[in-house]
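Have the sequence and the 3D view open side by side.

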Amino acid sequence: MDEFVYDAFISYSHRDMKWARWLQRRLETFRIPKDLCGGNAPRGHLKVFRDQTDLSGVELQNALQRELEASRFLIVICSPFSAASPWVNDEIRSFQTRGRSKFIIPFIVDGEPESDKPELECFPPALRSVEGEHPLGASAVELGKNKAFLKLMAVILDVRFNRLVDREKQRKRRTVLLSSAAAAVIIAVLASLLWRNAVIRKQNQEMIYDNYLAALVAAGQQNNFTPEDISRLKASAEAGNRDAAFYLASCYKNGWGTEANPEEAFRWFSVAAEAGDTVSMTSLANCYMEGVGAEKDLAKGFAWQLRAAEAGDPGGMYLTGLAYEGGIGTDKNPAEAFRWYRKAADLGYEQGYAHTANCYLMGIGTDVNLEEAFHWLKKLAEAGNPEGMYYLGMLYQFGKGTAEDPRQAYLWYRRAAEAGYPDGMYMTGWCLENQYGVGDEALEWYRRAQEGGVEAAGADIARLEAAEENESPPSG
């Protein structure tokens with residue numbers, strides 16, 4: 001492994017971005033058993049490169065070529081989107097030209113390989129090029145994403161698939177037998193999966209939390225709740241644990257481990273909300289606003305949103321701002337709408353950034369202030385919001401709230417485009433065509449904008465293609 005910088009390079013269509021991020025995270029956090037380390041197997045954890053560019057043919061950058069060359073395996077996320085992607089196909093071709101075809105692993109997330117129906121084909125042409133030879137891979141469609149991941153790891157580690165499956169079962173059994181103290185540590189690791197950390201607040205409630213923690217640990221290991229987990233949560237909730245009540249309500253709302261039951265979801269959200277849980281307050285507000293599990297009552301919904309906001313919940317602040325701006329469950333009050341948006345923004349809430357910026361731009365509940373609008377849009381863009389990137393580019397382009405800066409305008413349009421925002425793709429094409437920035441890739445971006453639903457891009461594509469034909473040298 002010394003000659004390779006990366007254990008794997010992930011190639012994918014940007015329409016499969018969620019799958020790519022999930023797979024990269026699983027690969028990099030998978031702890032490789034010690035007895036499987038050695039030989040060609042990596043040690044400890046995998047090092048993974050995920051392609052975040054969209055270049056093809058001669059435009060496949062030298063840097064990207066180096067990353068391919070430095071990777072032992074090429075993992076291709078296969079779907080009808082990737083099958084139609086010239087960029088994914090070029091990355092496969094590049095890996096094949098290095099004589100590394102046997103180290104290409106398809107990871108099927110949608111569609112069928114070698115399908116008779118073109119719309120279902122999930123293999124890019126380069127994977128279909130050798131008749132009768134099919135690369136060894138894994139299918140999340142057939143196995144489910146977790147078993148498919150283990151099969152992928154089996155190929156990388158060159159071990160039997162059943163061996164990894166058996167190890168995973170043994171690991172889960174050991175985890176269930178952990179003490180409550182160790183379980184609390186596991187819950188901290190599972191926080192991103194299960195929304196929030198479970199914290200034991202009162203020593204005299206240890207028996208209540210035993211059921212609660214056991215349910216969350218089991219759900220985290222299985223990636224879902226089971227009827228047994230629901231029974232544990234219910235026992236803990238009935239004993240007064242508001243966190244268990246929140247999770248129990250969520251299970252009833254979404255049908256996790258039990259049949260969906262809006263009335264029970266409403267009841268347990270009410271219990272948790274009355275106990276002071278702010279997330280449950282906003283969930284209860286939504287039940288009233290939408291008439292889920294209870295009679296629709298906009299005024300009661302607003303009251304719970306306001307209660308969550310006053311308790312310091314940024315989501316509640318944002319929803320309260322929306323209610324005041326639109327007169328939903330209360331009288332319209334632009335000034336109060338702006339006040340709550342701004343409080344949510346000050347706490348770092350992304351939608352608070354967006355609506356605070358809009359208030360400053362449009363003079364909603366406050367005076368028009370383009371400098372403040374620019375400030376909050378920049379925070380929104382820097383938080384990774386594609387729409388914020390696009391509108392920040394517009395402010396730079398027209399010099400609103402900041403000095404006119406073509407270079408920054410182009411860069412933010414491009415970032416929005418690379419994040420999949422169609423209007424950002426269109427403006428990237430416009431910038432490149434009109435030399436408002438750098439490069440000459442306008443046609444490529446117009447085409448991507450059209451694929452993303454921007455109809456106006458069609459006329460620009462036709463115009464530039466016609467211009468290319470007129471500039472082409474005569475044949476013969």
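Predicted model: local features only at pLDDT ≥ 70, side-chain atom pairs only at ≥ 80, totals over all residues.

Residues are numbered from 1 along each chain as its sequence is written, and side-chain values use heavy atoms, with hydrogens and water left out.

**The sheet**

Look for an open sheet of five strands in the order β2-β1-β3-β4-β5, with parallel pairing. At its edges sit β2 (48-50) and β5 (138-139), each of which pairs on one side only. Strands here are DSSP runs of E with at least two residues, helices are runs of H or I with at least four, and both are numbered from the N terminus. Two strands count as paired if DSSP finds at least two bridges between them.

Strand β3 (residues 71-78) is mostly covered, with eight of its eight residues buried. Buried means under 20% relative accessible area, exposed means over 50%, and partly exposed is in between (1.4 Å probe, protein chains only). On one side, β3 pairs with β1 (residues 6-11) in the parallel sense over five bridges, and I10 has I75 of β3 as its bridge partner. Five bridges also join β3 to β4 (residues 104-108), again running parallel, and there I77 stands opposite F107 of β4.

Moving to β2, you'll find that it pairs with β1 in the parallel sense over three bridges. Helix α1 (residues 17-29) packs on the sheet, touching β1, β2, β3 and β4, and its direction makes about 170° with that of β2. Helix α4 (residues 86-96) lies across β1, β3 and β4, running at about 150° to β3. For these, contact means heavy atoms within 4.5 Å. Axes are lines fitted to C-alpha atoms, for helices over the stretch in contact, and angles run from 0 to 180 degrees between N-to-C directions.

**Helix α10**

Now, which residues of α10 are buried? They are D229, I230, L233, S236 and A237. These cover an arc of only 130° around the axis, which puts them on the same side of α10; the arc is that of the directions from the helix axis to the C-beta atoms. The face turned away from the buried side carries the exposed residues P227, E228 and E238. Just after α10, G240 takes a positive phi of about 110°.

**Salt bridges**

The structure holds 12 salt bridges, each being a side-chain nitrogen of Lys or Arg within 4 Å of a carboxyl oxygen of Asp or Glu. Here are some of them:

| Pair | N to O distance |
|---|---|
| R128 and E121 | 3.8 Å |
| E228 and R232 | 3.0 Å |
| E336 and R339 | 2.9 Å |

Back in α10 (residues 227-238), E228 and R232 lie four residues apart, about one turn of the helix. E228 is exposed, with a relative accessible area of 51%. Together, E228, D229 and R232 are linked in a network of salt bridges.

The E336 and R339 pair sits in helix α16 (residues 334-346), where the two are three residues apart and so separated by about one helical turn. R339 is partly exposed, with a relative accessible area of 37%.
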